Amino acid sequence: FENNIRVLGGLLSVYTLTEEQIFLDKAREVGEVLLGAFRHRIPCGIIDTNGYCGSQSWAGGRSVNAEVGTLSLEFETLSHLTGDSRWSEKIKGINEYWREQNHGLLQMYIDPKTEKMSGPQTIGGGIDSTYEYLIKLKIMNGDELAGELYERFEREIVENMLVTHGTHTFAKASGSNRLEHLGCFGGGMLILGKRYIKEGLAFAETCAEMYTSTASGLACDSVTIEPNGTIKCENDIYLLRPEAVESIFYAWRQTHDQKWRDYARKIWKALQKHCEVLTGGFTDVKYVTRPTPEKMDKQESWFLAETLKYLWLTFQSDDVVPLEHYVFNTEAHPFQISKFI
């Protein structure tokens with residue numbers, strides 16, 4: 001999963017932008033290695049180049065849902081650009097598996113051998129990008145099954161998970177009043193899906209207010225939203241995460257309402273003030289509910305790939321990476337829709 005979205009996704013994205021053959025050659029090399037995860041229709045979560053095929057130590061021999069569902073943009077693109085259908089065939093198998101599941105939202109874990117799904121049903125970490133990739137695959141190459149699946153899951157999310165407490169609309173994590181920062185991709189996803197734009201914008205605003213409601217101007221990694229709408233910090237750290245500014249970017253492109261750029265500017269100013277390191281780079285921080293958080297000495301890879309990119313794009317004109325021609329993978333690498341036309 002990590003190598004797919006970062007390494008394969010990055011190589012394919014830069015190839016489509018530059019058409020320099022070396023990037024496609026290297027992407028194919030990575031793709032060949034990743035096929036080693038497919039001993040069964042459901043891939044294992046961790047592999048090595050000596051043939052090991054296993055799982056995360058905490059996953060109990062099971063694959064994590066996002067490890068299965070967040071391969072399609074890259075695999076389909078690699079097959080399309082190379083004329084080799086092996087990667088595309090793996091995605092068809094996975095999407096057929098999703099179609100066979102008729103029990104509401106997907107669950108966190110899948111046993112690759114038995115194909116039994118287990119664990120919580122949520123849109124948070126470990127499962128979030130599976131839903132995102134279904135609508136993005138439909139947009140990228142017109143995949144009808146992916147579109148049908150997304151519509152089914154989107155309706156389930158909106159009807160059974162989306163709630164409004166006070167003025168704050170959000171998707172409950174695992175049935176609680178908890179909202180993970182990771183779940184804040186959901187606003188942008190609903191905006192991208194075009195059927196629930198109003199709900200997506202409301203969700204995006206709740207996530208923006210996770211920032212404006214703290215003393216530092218940075219969001220807690222998870223919060224609870226009380227029935228009266230009060231946002232209460234649960235995990236008092238900020239890990240340079242991109243999901244809220246990702247949704248702000250989509251909200252800006254959809255509405256061109258100045259408030260979205262205002263939110264983005266406030267978040268960027270707080271990042272500069274509290275996370276920038278004088279010797280270079282930016283760091284995670286803890287105690288964001290205090291006026292001055294404490295630096296933690298770690299810069300996450302997604303900060304450069306996603307957080308900065310979405311913030312920057314929010315202040316560019318719409319013809320910079322236009323959404324009618326590009327779709328972003330979950331690590332914010334742009335893929336050209338036109339490559340499939």
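Helices (H or I, at least four residues) and strands (E, at least two) are DSSP runs, numbered from the N terminus. The model is predicted: local features need pLDDT of at least 70, side-chain atom pairs count only at pLDDT 80 or more, and totals for chains, interfaces and linings use all residues. Residues are numbered from 1 along each chain as its sequence is written, and side-chain values use heavy atoms, leaving out hydrogens and water.

**View 1. An open sheet of three strands, ordered E8-E9-E10, with helix H9 across it.** Pairing in this sheet is antiparallel; two strands pair if DSSP finds at least two bridges between them. Strand E8 (178-180) and strand E10 (231-235) are the edges, each pairing on one side only. From one strand to the next, the twist averages 30°. Axes here are lines fitted to C-alpha atoms, for helices over the stretch in contact, and angles run from 0 to 180 degrees between N-to-C directions. Three bridges join E8 to strand E9 (residues 222-225). Glu180 has Ser222 in E9 as its bridge partner. Helix H9 (residues 197-212) lies across E8, E9 and E10 and runs at about 80° to E8. In general, strands of a sheet pair through backbone hydrogen bonds, either parallel or antiparallel.

**View 2. The hairpin of strands E6 and E7.** Strand E6 (residues 162-165) pairs with strand E7 (residues 168-171) over four bridges, in the antiparallel sense. Leu162 has Ala171 in E7 as its bridge partner. Two residues lie between the strands, and Gly166 takes a positive phi near 65°.

**View 3. Tyr238 in the largest nonpolar core.** A nonpolar core is a set of buried Ala, Val, Leu, Ile, Met, Phe, Trp, Tyr and Cys residues joined through side-chain atoms within 4.5 Å. Buried means under 20% relative accessible area, exposed over 50%, and partly exposed in between (1.4 Å probe, protein chains only). The largest core has 99 residues. Trp98, Tyr131, Leu179, Tyr238 and Leu271 have the most contacts inside it. Contact means heavy atoms within 4.5 Å. In soluble globular proteins, nonpolar side chains tend to be buried together.

**View 4. The salt bridge of Arg41 and Glu115.** A salt bridge is a side-chain nitrogen of Lys or Arg within 4 Å of a carboxyl oxygen of Asp or Glu. The structure holds 19 of them. In this one, the closest N and O atoms are 2.7 Å apart. Arg41 lies in the loop between helix H2 (21-34) and strand E1 (46-47), and Glu115 in the loop between strand E4 (107-110) and strand E5 (117-121), so the pair ties together parts that are 74 residues apart in sequence. Arg41 is partly exposed at 28% relative accessibility. Glu115 is partly exposed too, at 22%.

**View 5. A salt-bridge network of Arg28, Glu32, Asp84 and Arg86.** Within it, Arg86 and Asp84 meet at 2.9 Å, N to O. Arg86 is partly exposed, with 32% relative accessibility, whereas Asp84 is buried at 14%.

View 6. Lys136 is buried at 2% relative accessibility, and Glu132 is buried at 4%.
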